Amino acid sequence: MTGLPKMISTVDYHTAGEPFRIVLGGVQPPRGSTILDKRDDAMVRLDDTRAMLTLEPRGHADMYGCFVTEPDDDGADLGLIFFHRDGFSTACGHGSIAAAVWACTTGYVTPRDGDKIVLDVPSGRVTCHLRDEGGHPSVRFVNIASYTHALDVEVPTSSGTVRADIAYGGAFYAVVEADRLGMAVSPSDLPRLIELSAEIKAEVLARHDLTNAGDERINGLYGVIFYDRLSSAQGRIEERNVTVFADGQVDRSPCGSGTCARLAVLAARDELDANGELVNRSIIDTTFTGRIAGTTSVQGRPAIIPEVAGTAYLTGYNTLVVDPNDDLARGFLLPTTGKG
């Protein structure tokens, strides 16, 4: 027995198809004076619990979730420590949407000014605005400042050299047009895209120091975004994307923080301004919409304030049990083709 709690209660949502498991009870919340300190604590003290919640047999290879904490101060309503099968992330747009829907619909938080829930997450403070859509809340979240690290970076792969844009939207991403690799964002090409994501990630990390100026604990290349341009006209860009993160985990949604990074790239290329809209479709054809809510700078670097809209739906409540005699208490992950 690894010291895991015997029983943990959770509520599960999906945001545009991507799962999100919110821990309700059975776990001592992460400790620390700031949300990043709490993440540090969770990485040490709650890693077995993270694994149990995400891996088989109680989770699955593409599970995502969070621990709920106190916010840093009275300026926010709650804090979130995000986790997935491979560790703890610094940002999660689809999780922020799900957490806002949960907090509003359960009465965990009374929205400020009637429509606003403020979250402290490891990458910064995220403001969620809620709107009733036929009895169900939709969410648009205003994220932290997002910016490009580099454009048109040449990256060698086994399918040839490709150009990637590197951008930050709460985590760092490499953004690659799938067509440049002779593929499309489609389920049939997904195994090969997962393989190439591992190659791209290794090459980018070997050549670029990706550390956020605000805190060195936010670092590394979180994911690789492959996209197809579907249309572009009159300030409206429509794309389809898939984000591969961790060690080959696939985002079913259009990726919230990845959409913010993509908006930063589009702004840097003068393809989108504050009057425009990005319609971002996922590999399963669900949608987030993004826009540039403002401009700013980060350590002298031009940056945008991105806003992303979507919603989440309740999928169930769970009471997860760990038998003290269970040899698979922590969970397991089977290797599959395409994992880096």
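Predicted model: local features only at pLDDT ≥ 70, side-chain atom pairs only at ≥ 80, totals over all residues.
Local features need pLDDT of at least 70 and side-chain atom pairs count only at pLDDT 80 or more, while totals for chains, interfaces and linings use all residues. Residues are numbered from 1 along each chain as its sequence is written, and side-chain values use heavy atoms, with hydrogens and water left out.

**View 1. Tyr64 and Phe245 make a tilted ring pair.** Their ring centres are 5.7 Å apart and the planes sit at 45 degrees, so this one counts as tilted (rings of Phe, Tyr and Trp, taking its six-membered ring, pair if their centres lie within 6.5 Å; planes under 30 degrees apart are stacked, over 60 edge-to-face, the rest tilted). Tyr64 belongs to strand β3 (residues 64-69) and Phe245 to strand β13 (residues 236-245), 181 residues apart (strands are DSSP runs of E, at least two residues; helices are H or I, at least four; both are numbered from the N terminus). Tyr64 is buried at 2% relative accessible area, and Phe245 is buried at 2% too (buried means under 20%, exposed over 50%, partly exposed in between, with a 1.4 Å probe and protein chains only).

**View 2. Tyr64 and Phe245 belong to an aromatic cluster.** The model has 11 aromatic pairs by the ring rule.

**View 3. Arg262 puts its charged end over Tyr227.** The distance to the ring centre is 4.0 Å (the rule asks for NZ of Lys or CZ of Arg within 6 Å of the centre and within 35 degrees of the ring normal).

**View 4. Ser186 sits in a loop between β11 (172-177) and α4 (190-207).** Ser186 is buried, with 16% relative accessible area. Its side chain makes a 3.1 Å polar contact with that of Ser188 (a pair of N or O atoms within 3.5 Å; within protein, one must be able to donate a hydrogen and the other to accept it, and residues adjacent in sequence count only if both atoms are side-chain atoms).
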